[in-house]
Amino acid sequence: MSQNPPETELNTEAQRRSASQPSAYARAGVDIDAGQRAVALMKGAVARTHGPQVLGGIGGFGGLFRAGFENLSDPVLVASTDGVGTKTKVATRAGQFGGLGADIVNHCVNDILVQGARPLFFLDYVAMGRLIPERVADFVTGAAAACEALGVALLGGETAEMPGVYVEGELDIVGTIVGVVDRANLITGEGLRAGDVVIALPSAGLHTNGFSLARAALDGLDWDSPDAELGMSLQDALLIPHRSYLAAHRALEQAGLDVKAMSHITGGGLIDNPPRVLPTGLGLRFDLGSYTVPPLFVRIVSRSQMDIREAYRALNMGVGFLFMLPPGQVKAALETLRTAGEAPWVIGEVVVGEGVELRRPFDVAGADL
């Protein structure tokens, strides 16, 4: 007689033990089954972003994308990776995670748009101390909806459960975008000249930067009740998703306008971002009295008592994206953007010099606290 029970008996005993107590990995804080549930919840939303260029489905070790660039003479791939910062803490406090998906997709798409690239595919990374499938699914579903709206394939991603690294209940989010541009159409800013005009488009809110500052400045206020000045609760105002400027650029491109340079106003604000596209010897002069700073930014700056130049460096201050064009094309550009549903305005010009000059910033002392 065998000293070991038959295989069927072993299997039955193992199943009984599995049902009665968590696995060793689960006791260590990682639930593999939760990861599988998260994948099942998001699978349909991700699949809707897949066109004929995506080969295979969800679950492969790597995403497959057939890159056919027959209409480009010299295709150049453009890639970028970014996160959403501590906006995740506001989302956690509110229990709302879908907007974070739109945040990271649109942020990454805007970053490569600055060089004239059209997005091809996107990959996401979401990590938590303890995996909550519904939160992961909300985030990925939001990312998939943003990808679908822009014609981008959500090609794959990573869901990580890392107890001891992340605070339980919190999450971390990263996104990677890959796009393409014909080398002849690559936008570098090299053609900029003094006198070129800068057209601005509004942000939807803080977008994905400045949340550590905002949370400190707004701490102690009522975040949940309707706020007459904001037109919504403070919490909802903070969670408005980062918007995409892809359609705005496409409208200018189709109108045959010469967009010499663009700038995505993220961390670094109007101080650090725009100079990144300027040739040596050129700077920018912004007329900040050309638009009204949204009340959310006024409140943050006023309550934090920060220096006004620091405010325009730490926050987007209501400016989301910049287009730089020849002065003779400004009228046509403004009309084209308005027809496309945008609310553009002339915010400044390219000048001889370096750095950024700010004229007529709003008066912090006169702000309503």
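This is a predicted model: local features need pLDDT of at least 70, side-chain atom pairs count only at pLDDT 80 or more; totals for chains, interfaces and linings use all residues.
I started with helix 11 (residues 295–304) and looked up what covers its buried residues: the list includes helix 7 (211–218), strand 8 (226–227), helix 8 (234–238) and helix 12 (308–314). For my own reference, contact means heavy atoms within 4.5 Å, and buried means under 20% relative accessible area, with exposed over 50% and partly exposed in between (1.4 Å probe, protein chains only). Helices (H or I, at least four residues) and strands (E, at least two) are DSSP runs, numbered from the N terminus.

Residues are numbered from 1 along each chain as its sequence is written, and side-chain values use heavy atoms, leaving out hydrogens and water.

How many residues of helix 11 are buried? I got seven of its 10, among them Phe297, Arg299 and Ser302.

Next I looked at an open sheet of four strands, in the order 3-6-4-5 with mixed pairing; two strands pair if DSSP finds at least two bridges between them. Strand 3 (75–83) and strand 5 (153–161) are at the edges with a single partner strand each, so one side of each has no neighbour in the sheet.

I then checked strand 4 (residues 118–128) against strand 6 (residues 171–182): they pair in the antiparallel sense over 10 bridges. Ala127 has Asp172 in strand 6 as its bridge partner.
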